[in-house]
Amino acid sequence: MSDKNEKILIGASWYPEMWAESEWPKDAARMKELGFTIVRIFEFAWHKFEPKPNQFDFDWAKRVLDVCHANGIQVMIGTPTAAPPAWLSYGYPDCLRTDINGRRETHGQRRHGSPFSRRYREFSARIVEKMVEAFSDHPAVHSWQVDNELGGSDYGDEAHEDFQNWLKAKFGTIENLNAAWGLEFWSQAYQSFGQVPMPEASVGGPEIQERHHPSLTMSVARHRSETWAKYVAMQCEIIRRHPKNKTRPITTNMTSGYGLDWYKINGSLDRVGFSMYSDLQHYHFNLSNFDRMRAEKSDGQANYTPYYLLETAPSWSAGGRMWNIHNNAQGITMFSWLSTLLGGSMILYWQWRSHWAGQEMQHGTLVTATGEWSVNKGAMQKLTAEHAVHGQWLMEHPPLRADVAVVLSIENAWAFSIDPIDDGMKYQNIFRDHYYMPLVRSHVWRDVISEGHDFGAYKVVVMPLLPMLKADTRAKLKTFVEQGGVAVLGPIIGYRDEEFTAYKDRAFGGLEEIIGADSALRFTTMWVNDEVHLDFVADGALPGVGALQDVPPKYRNWSEAYTPRAGTQVLARYSGGYGDGLPAILWRPVGKGGVLTIGTAVSESQYAALVHAAMAVAGVEPIASGSPDVVVVPRATRDGKVAGYGVANLSKAAAEITVDGESLLVGPLEARLHKV
Amino acid sequence: MSDKNEKILIGASWYPEMWAESEWPKDAARMKELGFTIVRIFEFAWHKFEPKPNQFDFDWAKRVLDVCHANGIQVMIGTPTAAPPAWLSYGYPDCLRTDINGRRETHGQRRHGSPFSRRYREFSARIVEKMVEAFSDHPAVHSWQVDNELGGSDYGDEAHEDFQNWLKAKFGTIENLNAAWGLEFWSQAYQSFGQVPMPEASVGGPEIQERHHPSLTMSVARHRSETWAKYVAMQCEIIRRHPKNKTRPITTNMTSGYGLDWYKINGSLDRVGFSMYSDLQHYHFNLSNFDRMRAEKSDGQANYTPYYLLETAPSWSAGGRMWNIHNNAQGITMFSWLSTLLGGSMILYWQWRSHWAGQEMQHGTLVTATGEWSVNKGAMQKLTAEHAVHGQWLMEHPPLRADVAVVLSIENAWAFSIDPIDDGMKYQNIFRDHYYMPLVRSHVWRDVISEGHDFGAYKVVVMPLLPMLKADTRAKLKTFVEQGGVAVLGPIIGYRDEEFTAYKDRAFGGLEEIIGADSALRFTTMWVNDEVHLDFVADGALPGVGALQDVPPKYRNWSEAYTPRAGTQVLARYSGGYGDGLPAILWRPVGKGGVLTIGTAVSESQYAALVHAAMAVAGVEPIASGSPDVVVVPRATRDGKVAGYGVANLSKAAAEITVDGESLLVGPLEARLHKV
Amino acid sequence: MSDKNEKILIGASWYPEMWAESEWPKDAARMKELGFTIVRIFEFAWHKFEPKPNQFDFDWAKRVLDVCHANGIQVMIGTPTAAPPAWLSYGYPDCLRTDINGRRETHGQRRHGSPFSRRYREFSARIVEKMVEAFSDHPAVHSWQVDNELGGSDYGDEAHEDFQNWLKAKFGTIENLNAAWGLEFWSQAYQSFGQVPMPEASVGGPEIQERHHPSLTMSVARHRSETWAKYVAMQCEIIRRHPKNKTRPITTNMTSGYGLDWYKINGSLDRVGFSMYSDLQHYHFNLSNFDRMRAEKSDGQANYTPYYLLETAPSWSAGGRMWNIHNNAQGITMFSWLSTLLGGSMILYWQWRSHWAGQEMQHGTLVTATGEWSVNKGAMQKLTAEHAVHGQWLMEHPPLRADVAVVLSIENAWAFSIDPIDDGMKYQNIFRDHYYMPLVRSHVWRDVISEGHDFGAYKVVVMPLLPMLKADTRAKLKTFVEQGGVAVLGPIIGYRDEEFTAYKDRAFGGLEEIIGADSALRFTTMWVNDEVHLDFVADGALPGVGALQDVPPKYRNWSEAYTPRAGTQVLARYSGGYGDGLPAILWRPVGKGGVLTIGTAVSESQYAALVHAAMAVAGVEPIASGSPDVVVVPRATRDGKVAGYGVANLSKAAAEITVDGESLLVGPLEARLHKV
């Protein structure tokens, strides 16, 4: 759902249920004073809506909508399923999530309800239905948010049984499952689906997981993610039943962990939203998310679908032991601009007014509990004013469609935590720091996509860190390169199948065909007493690659040495170590395109140079040159002509950048729009 | 209870139940040989007293008392409720504490009994009654100790129900509780007291607690502390029933954690006691405890009540993974003297003779398991001889009543761990290192008091780190300054009410009146990319403050910027950051006194200078000048004339100090009495 | 069991149950191609053998044996009790181990079966019986392996009851137990054996244990170890029932933790085996194990019994978070040679072919899942060829019997974790780095033995770190020195009895007699503000010791100062600290021998010098001089004449060593045989 008349909206989250009704008009007036045009409400108000089972009260809430409407504030309504009320938590304990130790979550925090519980899904459906009925006709309503910061496991009996049924639906017989996962190993073979355990699967996160069978752990993670996706889809379906909601976008706020496959959850939604907190330490993390959000709902469309920054601090985060992210006015402004420059159409600050009680009282807000302005009032007024000036132009000139895509694979993130290669090797960090940021810093204009996306929309697809490559992705890659695309594969690619087991016939399960090589040797560079180097071949097939120096990468991983087939060119060979003399990096023309395969960890500069070389083959150029600290965003007319550039300097020092032959000086933490 | 004929007593803890009766006279004779005059016994001997339920045997114990008496050793009798016997642990599991995971404590260690258990309280009462009956007529008995190193949580059903009843008694209806804590937030509102959970409250300690509702967690901590206080009061009441015990002091040994509100527990007792282990790394910790112990039972009295050092190592502590505190003879002697110089009248070493079995066998003692002297026999003989010489003078010349008090607030210590500002910000350390030690090192003679104390006994009251300021404390402060007192408030003061929620009307809940300012802005100095400085106002109202340099403090915290009311003088303003240009430190004359308000973290030297300036207004001077490593204690006649000084050098280098115009050289780790 | 016709065998572990039958001959042929002569199989194949309860299928397995036999590969058969099948795990949950939190182990990993379960022992016995019946007549069978990497606790009801019965059998009455462990302390005394708890005993490992009663924790550890030993003995007895197995060695693979008393487990076996993974960081650890394995089954025999290296990586280990040990071809070759040079007769690599599914897919192998050669094929062929050349000579010239023994005491390792002296003081590391490696590096040819070994076979016995010295060991020591042996005792020796309690009469329980001194003082050198030094006595009794300089050791511990009896010579005295001026190191001639007692931590160079001085008294000389990085192994004829030396350079730099007057240059990571 993309709206040609869309405007950029700026606002905040607000919890009117915490405040006397007399405060509502004061707060709405203050929002107006800041130039705010949207407010996000009701995401935890279940108890106020349904104080007793099946007894509903929406009158107060409609009065909140009235107040907003009277002040010209549009409203995003959140469904409150992240915080069920006490009558539900205590009356129906089967609705609560159960942790790996068999303890049910308790009331008083949030996220205790379980989407694995049939009854909880029923309660959830009912409250959403009633809210849709109560609010959909109100003119203040702009959009819907489903739940809040989804996530969490359930290892209780109902979830476990559902998981076993999910396996049964997939494998048919237990013998099939035993065979698929090689369960004669360690005498693991099960006699029935009812025996299959549900081991802890803390995938994508920093936790240490048990070393249970990796195919089983992967399945637990998949089942969990699918359950959440179905839960979101259910709510979407209810919201869309009402005719007034057909044109209202539905969204939810993704979180930073990779525990859920958000690509699938977002599939049910109209807009991608994200909770993101920023400061100098987090910009690299946020950037990759913006590039992902922009592309995620735009697959197969001519223009990007604007995304929503659903939560970001107006100053600082909640404090405390867990996390403390603080920014100054300059940084907040730059980050907010970065969000819109990269393709967003909404910024919602978390939150509007400080809680006077409960958790997170210390979190940065715009208004204090006593109703005074907190910090950044002026910065906000300036920001909304500037967006009022540039907003229409930005909406008419979305980001230029990128020719380069980098694949971020959630299931492969799981793979790295389920069967880790090395202690320090976390997918999230390695992907971001070693395979994504070098592109940003060398001014490659790029999308971050999933392996489920349409590769045909791009000229270059970059796929690092994908041990598990599904058959349909492999097939899609083949078509892509045959039709003229250039793929940059690896390091780490394609040696596990969809069940996370190894191939028994060919090391790469058929990927051999397009990389133009077989496996010669697989080994690690994590030597204790050896040094592995790369010798780049001087007369290599790709421009500039032969001149690359051996620069050791900052981390080590599994390395592949290849036996090239005829027609495949060797770009670099190993020197030293088990792979001494064997090919490490390959180039193979395939159909109208080609495949660049990187067999081992390379340094960031080498990686950037290799991708640039692949881009040159595909006829793609960087969008700028100059300081690596300046993020450059080409904005274009709807038919693809560059009409300007967003520039944002992430550093505390001024920096220079050249776009379109023109050199720009960008101040410390400055973001601006440069029209051409 | 303070006894004019009181003598300084020195002795040790002893466990005769571990030893053959034939060893008793040998040990008592050895104590006599050291000059020891007191022994602490029976604190874990429940099983020997009541080997079977309701069958008692005190004969052996009376023979122990006889042996002591025969050797001129007085006895402190400990009630044994910290270690219930096996018949109780196994026969009455409802007597055992239950941890947050629902596991009952097991027999074989100690502290497994629960004061939250009605039955355990009954068993406890009975053994205490029987001991009182058995021992109170014995002439060897000097005093009573209740339990040992109290503390511990209980999350079992009985404790939980008691907690819910405690809430009901306080709030009356669940609606009141919901309203008081803002429980519409996250749909937390409860339907009945029976639903209110009892989340883990590891307050005051290093553990990470769940982020449950802070008002709820605070209540759990309060209920726990009150339960322990009632348990102690019950034992005291039983002991005092016997007429012979009317003049015998009752005490117990506080421990270093801030998990319990010892001020309330000590309320039932006659003397404050403490378990404290010392070495160079712990002197700063011990010092603040001595200053607290001296003042704690002396509120509203003309002279200080002597305190008891109930446990300290004669050499080293128990070893092992948990803690290892070692000291040499010089350090042990200095520390023991420090205890009496600062106002103590008893030193009990832990322990007399090495255990031959069980936990803590490695702990330092005076006699080995084989009955030989361990280390420090000579040092002990010298110490008891010196105390024999100076003891009477010390008892006749107690420490001079201090004019300055520093407030140590246990509930605010809890506040910092329940709703932490920052990961590294532990109340215990920040209080001690940044707001207490600078006073000691700059020779401010001071008491450490609670907010419950009578402020009227002081000229200057210093109150850092009190986010939660109760209404009665606020009222007391007002009276104090109006009548001529000077208060030094903050950093961090008064923005939370008694239920640990924020005020909705005025940021400081009325404290505005005496600080003479409203909140202009609240923000943190924990910047990622900003630097906050302080500009002291050159012609400030207080002597010397204008000349202070900007010295960055060693930690950062929440900062307050103020809007001063008429008549309030600005001493310093923020430079840089969100508060740029706004007032940070204020001075306001109030009635006959005044209030110095510090809005942000300051360096130690600035802090000392600010307090000294406030003292100057109140006409209070430092008691000495010179080396910050020398602790100086003025001792005075009972009508308040300085008659001498205790001096103790905490460092390993000789140091100079000037008192009363006379310069003294104090040797490394030397403590001595300097009469004038 | 030692076989004069024994050959050195080299091979790998293989899991044919994971592979199609058509792969078997290919794999066997590849083994032959490498020169492999043995394969280790079936250790996890229980489910394939007994797919349903009491239904057995060994036909497939016999075909595996046939294939091996046809390729000249001998077979070591592993009993599969480390991985029970699903019908057992689910059908008989009483067979599963229970952790300290009461949770049963779950199916799907390994080691879930419990030797504490009567029923599990019955199931185990049955599968072993059936395997013996099925395989013993097959000519391919070379040897048996019992279970795999034994270990693990069980805190379930059956184990707990068994533990209580074990205590009852030992103490007779609960009163005896109470008395033996001093349980009046903390009112711990039990009324019945049924009350005695089973606290966590994570002895020998890095985990932090509860501070439960040390005698109780020690008992839990002993009971666990004995239970495993009985379990192994049961399997051995079944295997030996078959006449064909009388000459087939039985072994199992020890692991690196000190959680079990392997000396006792190995007592039932014919050969000592070990799982050991190597790289530069682990050589010091592996070395001490080789010295131990060689001696362990050789007690009382003229020549050493060859040991088996049952698992070592052919390249790298499994990766992942837990551990990652990688080596290059040179290191793998050196380490393999080191194993045979030091007295081994078998090297089995783990593993042959990469798993295509499940845990440990990433572990280094010789053949990939697709059936291609992985790394190190050439290195393996060279290694097997060299062993074919030198193997017979090596078997005819075993290592020279050592004159020096160092005692490694498993129960004392437990002692250090049950009642730790200091946080950083882990027995395993201190023993290895401070008391074992200095001997290797100064070329003392030595065995590592238990305190249960026959000391009479040695001239010098070195016993550091033995707080707990049993009466029979003390008696054995006395006889040893009286008959001419020299003992080097301490630091840390003999102050705890067999129940891990302290002596009540003499500090060292009678050891006084041979050390020729009583305890003067016990103290620690872990000073906060003191420095303890050693003054070596210039005209000391032992050669060279007087000239030793005071070099502070790298760690501190408990120190003993002595009151020497007549005839005892003081080698060093304390200077500074509690022991100032008191004797620290003693020499006492006893009978025809003598005792060197070291009372405190000494530096590595001092320690080596002291042992060398003791050796000189006993007429023992180092076997080499030169680089400390070169390990030298004297090989001798069966009647004890040195016929050559194994030399292995553990470092990455070439190093020189002098043996028998001849100087050898040994290359980086080179191992070779130098015949004389």
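Predicted model: local features only at pLDDT ≥ 70, side-chain atom pairs only at ≥ 80, totals over all residues.
Trainee: Which residue does B:Arg222 form a salt bridge with, and how close are the N and O atoms?

Mentor: Its partner is B:Glu411, and the closest N and O atoms are 2.9 Å apart. Residues are numbered from 1 along each chain as its sequence is written, chains are lettered from A and ligands numbered from 1 in the order in which they are written, and side-chain values use heavy atoms, with hydrogens and water left out.

Trainee: What makes B:Arg222 count as buried or exposed?

Mentor: Buried means under 20% relative accessible area, exposed over 50%, and partly exposed in between (1.4 Å probe, protein chains only). B:Arg222 has 7% relative accessibility, so it counts as buried. B:Glu411 is also at 7%, so that one is buried too.

Trainee: Why do A:Glu23 and A:Arg353 tie together parts of chain A?

Mentor: Start with the bridge: their closest N and O atoms are 2.8 Å apart. A:Glu23 lies in helix α1 (residues 23-34) and A:Arg353 in the loop between β9 (344-349) and α12 (377-396), so the pair ties together parts that are 330 residues apart in sequence. Helices here are DSSP runs of H or I with at least four residues, strands are E runs with at least two, and both are numbered from the N terminus.

Trainee: Which other residue does A:Arg353 form a salt bridge with?

Mentor: A:Asp27, again with the closest N and O atoms 2.8 Å apart. A:Arg353 has 2% relative accessibility, so it is buried, and A:Asp27, at 0%, is buried as well.

Trainee: What is B:Val461 in contact with, leaving aside its neighbours within four places in sequence?

Mentor: Contact means heavy atoms within 4.5 Å. Among the residues in contact with B:Val461 are B:Ala405, B:Phe455 and B:Val488. B:Val461 sits in strand β12 (residues 460-463) of chain B, and with a relative accessible area of 0% it is buried.

How values were computed. Salt bridge = Lys/Arg side-chain N within 4 Å of Asp/Glu carboxyl O.
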